[in-house]
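Colleague: Please bring up the model. I would like to go through some of its helices.

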Amino acid sequence: MRWTPGGLSSDVEDRRGQSGGGGLGGGGLGIVGFIILLVISLVTGRNYIGAYFSSGGGATQQQSRPRTVSPEEDRSAQLASFVLGDAQDTWTQILAKEGIRYPRARLVLFRDSTRSGCGAAQSSTGPFYCPADQKVYLDLGFWDQLKQFGASGEFAQAYVIAHEIGHHVQNVLGIERKVRGMQQQNPQARNQLSVAMELQADCFAGVWAHSTTNRQVTDQADIKGGLQAAAAVGDDRMQKMARGYVTPDSFTHGSSEQRMSWFNRGFTTGQVSACNTFSGS
């Protein structure tokens with residue numbers, strides 16, 4: 001990738017020096033926050049309430065600890081900031097053509113654990129986007145896991161961030177809210193709809209990647225790294241590594257082949273309209 005390191009943008013919250021950093025603020029969850037987490041837990045099937053309290057969510061104090069940042073981690077943080085800014089600038093322009101205002105998401109960098117509008121954020125869960133506070137949560141240690149999965153290089157990292165920003169775009173367009181409602185109405189289709197959501201985020205990441213090649217920020221070797229990253233985090237590959245066999249009915253993100261295919265579709269077309277993963281085509 002062609003980019004110039006240079007610090008973190010105002011869209012980045014660096015909580016790497018905090019222990020159990022804030023996200024819900026104030027003196028505890030509160031009744032409104034509790035109701036929000038309850039609804040999100042029921043819709044998504046993830047126990048955000050239990051995760052919140054198990055992480056000490058009622059505490060009001062934050063503990064700081066000395067930060068030791070290696071040059072490699074410092075560069076990774078600056079790369080994340082660059083990709084975040086570039087992706088959001090791109091989506092601002094794309095959606096403006098449709099008369100849609102793009103509100104910028106924020107990226108939270110943390111170590112081990114922190115708190116989000118969706119409950120506890122832990123490094124073990126990997127990067128994720130929280131629609132409740134419109135923030136992406138990332139422990140940079142995930143890049144080491146990504147390498148173990150067989151994906152390395154700067155664009156592999158860029159793909160992950162662009163995928164999470166793809167979820168923010170879904171939120172902006174109202175897709176996320178609609179799908180969660182469909183999941184609530186039809187629990188049996190929960191996983192199928194989840195896969196469609198994730199594959200669309202992959203496709204949106206490809207749309208951004210398309211723009212980067214036009215601007216000569218990336219080349220074909222970079223895109224290959226993105227495809228490798230998409231394949232590395234496919235449900236079939238992850239299940240095979242974890243337990244030795246695959247159960248497609250339990251997929252929530254899509255197979256390696258599906259994730260590569262939809263990323264490539266967004267990349268080759270550069271069109272949001274090509275990313276209708278809900279049509280079954």
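**Helix packing**

Modeller: Helix 6 and helix 7 cross in a right-handed way (the near helix is turned clockwise from the far one by less than a right angle). This is a predicted model, where local features need pLDDT of at least 70, side-chain atom pairs count only at pLDDT 80 or more, and totals for chains, interfaces and linings use all residues. Residues are numbered from 1 along each chain as its sequence is written, and side-chain values use heavy atoms, with hydrogens and water left out.

Colleague: Are helix 6 and helix 7 roughly parallel or antiparallel to each other?

Modeller: The axes, lines fitted to C-alpha atoms over the stretch in contact, have angles from 0 to 180 degrees between N-to-C directions. Here they come within 9 Å and cross at roughly 165 degrees. Angles over 145 degrees count as roughly antiparallel. Helix 6 and helix 7 are therefore roughly antiparallel.

Colleague: What span should helix 8 have at 1.5 Å a residue?

Modeller: Helix 8, a DSSP run (H or I, at least four residues), has 13 residues. The expected span is 1.5 Å times one less than the number of residues.

Colleague: How many of the 20 residues of helix 5 are buried?

Modeller: Buried means under 20% relative accessible area (1.4 Å probe, protein chains only). Helix 5 is largely enclosed by the rest of the structure, so the buried count is 17 of the 20.

Colleague: Which residue just after helix 5 takes a positive phi?

Modeller: The phi is about 85 degrees. The residue is Gly 174.

Note on methods. Helices (H or I, at least four residues) and strands (E, at least two) are DSSP runs, numbered from the N terminus. Angles under 35 degrees count as roughly parallel, over 145 as roughly antiparallel, 65 to 115 as roughly perpendicular and the rest as oblique. Buried means under 20% relative accessible area, exposed over 50%, partly exposed in between (1.4 Å probe, protein chains only).
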